[in-house]
Amino acid sequence: MSKKIMLRNVRLSYEHIFTPTKFDENQEAKYSATFIIPKDHADLPAIKRAMFEAGQETFAADFVKPGVWPRGYTCSLKDADVETDANGILLAEKNPAYEGCYVLEANSIRRPVVVDRRKAAVAEDDGVIYSGCYVNASLAAAGYTYGKVKKGIKCYLNGVQFVKDGERFGSDASNDFDAL
């Protein structure tokens, strides 16, 4: 069983929702996205509760005190001002847009539903969805075990809805060229 999570009006980062991508040769290609959630976001308590409840469903003996994350379990929701990447770099230092926010990573082996504000399907070449825009997202939190030692709560990506434009992440190469 999984716990449904609805994100409303959050910023999209590292968007791979139209084409599955693998970040390691040993991985299966997946659709994925990272969502930037301000620490004062109204939905944050419900998101944390859903993540914890997913842990209780899968690992009941360890998830006993609400709000207290058990030692040794990973979580897709990360405090960017506190947590580091695999190289020990603070997430907010690695990406300044993460400062003062949580980041929530989600992925899926199935292509997520992608729609515009009117719920009409969006294609990749429409350019409507991009890293930096604001979206609503439908996710499912569930516990997982990988091998004998890695376990935690991850989010599966069900769908994304465009909400409004935001500053694009990445560099703008248009000024790198001279007119010919």
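This is a predicted model: local features need pLDDT of at least 70, side-chain atom pairs count only at pLDDT 80 or more; totals for chains, interfaces and linings use all residues.
Student: Which residues are in contact with Lys 78, once its neighbours within four places in sequence are left aside?

Tutor: The contacts of Lys 78, with those neighbours left aside, are Glu 83, Leu 91, Cys 101, Tyr 102, Val 103 and Glu 105.

Student: What does the side chain of Asp 79 reach, and with which side chain does Asp 79 make a polar contact?

Tutor: Asp 79 lies in strand β4, which covers residues 77–79, and at 14% relative accessibility Asp 79 counts as buried. A polar contact of 2.9 Å joins its side chain to that of Lys 39, while the side chain of Asp 79 also reaches the backbone nitrogen of Asp 81 at 3.0 Å. With neighbours within four places in sequence left aside, Asp 79 is in contact with Lys 39, Cys 101 and Tyr 102; Cys 101 and Tyr 102 are also among the contacts of Lys 78.

Student: Where does Asn 136 lie, and which backbone atom does its side chain reach?

Tutor: Asn 136 lies in strand β7, residues 134–146, and counts as buried at 19% relative accessibility. Its side chain reaches the backbone nitrogen of Asn 9 at 2.8 Å. With neighbours within four places in sequence left aside, the contacts of Asn 136 include Leu 7, Arg 8 and Asn 9, and also Gly 159, Val 160, Gln 161 and Val 163. As for Lys 94, which is 42 residues from Asn 136 along the chain, the C-alpha atoms of the two residues are separated by 24 Å.

Student: Which residues does Asn 95 touch, not counting residues up to four places away in sequence?

Tutor: Asn 95 touches Ser 13 and Tyr 14 on that count. Asn 95 lies in the loop between α2, residues 91–94, and β5, residues 101–108, and at 12% relative accessibility it counts as buried.

Student: Where is Gln 56 found, and what does its side chain reach?

Tutor: Gln 56 is found in helix α1, residues 44–58, and is partly exposed, with a relative accessible area of 29%. Its side chain reaches the backbone oxygen of Phe 63 at 3.4 Å. The C-alpha atoms of Gln 56 and Arg 8 are separated by 25 Å, the two residues being 48 apart along the chain.

Student: How many helices and strands does the chain have, and in what order do they run?

Tutor: The chain has two helices and eight strands, and from the N terminus on they run β-β-α-β-β-α-β-β-β-β. Among contacts between residues at least 6 apart in sequence, 68% join residues at least 24 apart.

Student: Why can the radius of gyration be said to agree with a compact globule?

Tutor: A compact globule of 180 residues would have a radius of gyration near 16 Å, and the chain has 17 Å, which is why the two agree. Along its principal axes, the C-alpha trace spans about 65 × 40 × 35 Å. Of the 180 residues, 42% count as buried, and the chain exposes about 11000 Å², of which carbon and sulfur atoms supply 49%.

Student: How many positive and negative side chains does the chain have?

Tutor: There are 24 positive and 25 negative side chains, and the centres of the two sets lie 10 Å apart.

Terms used. Residues are numbered from 1 along each chain as its sequence is written. Side-chain values use heavy atoms; hydrogens and water are left out. Helices (H or I, at least four residues) and strands (E, at least two) are DSSP runs, numbered from the N terminus. The radius of gyration is taken over C-alpha atoms; the globule rule is 2.2 Å times the number of residues to the power 0.38. Buried means under 20% relative accessible area, exposed over 50%, partly exposed in between (1.4 Å probe, protein chains only). Contact means heavy atoms within 4.5 Å. Accessible areas come from the Shrake-Rupley method with a 1.4 Å probe; for residues, only the protein chains shown count as cover. Lys and Arg count as positive and Asp and Glu as negative; His and the chain ends are not counted. The place of a charge is taken as NZ of Lys, CZ of Arg, CG of Asp or CD of Glu. A polar contact is a pair of N or O atoms within 3.5 Å; within protein, one must be able to donate a hydrogen and the other to accept it, and residues adjacent in sequence count only if both atoms are side-chain atoms.
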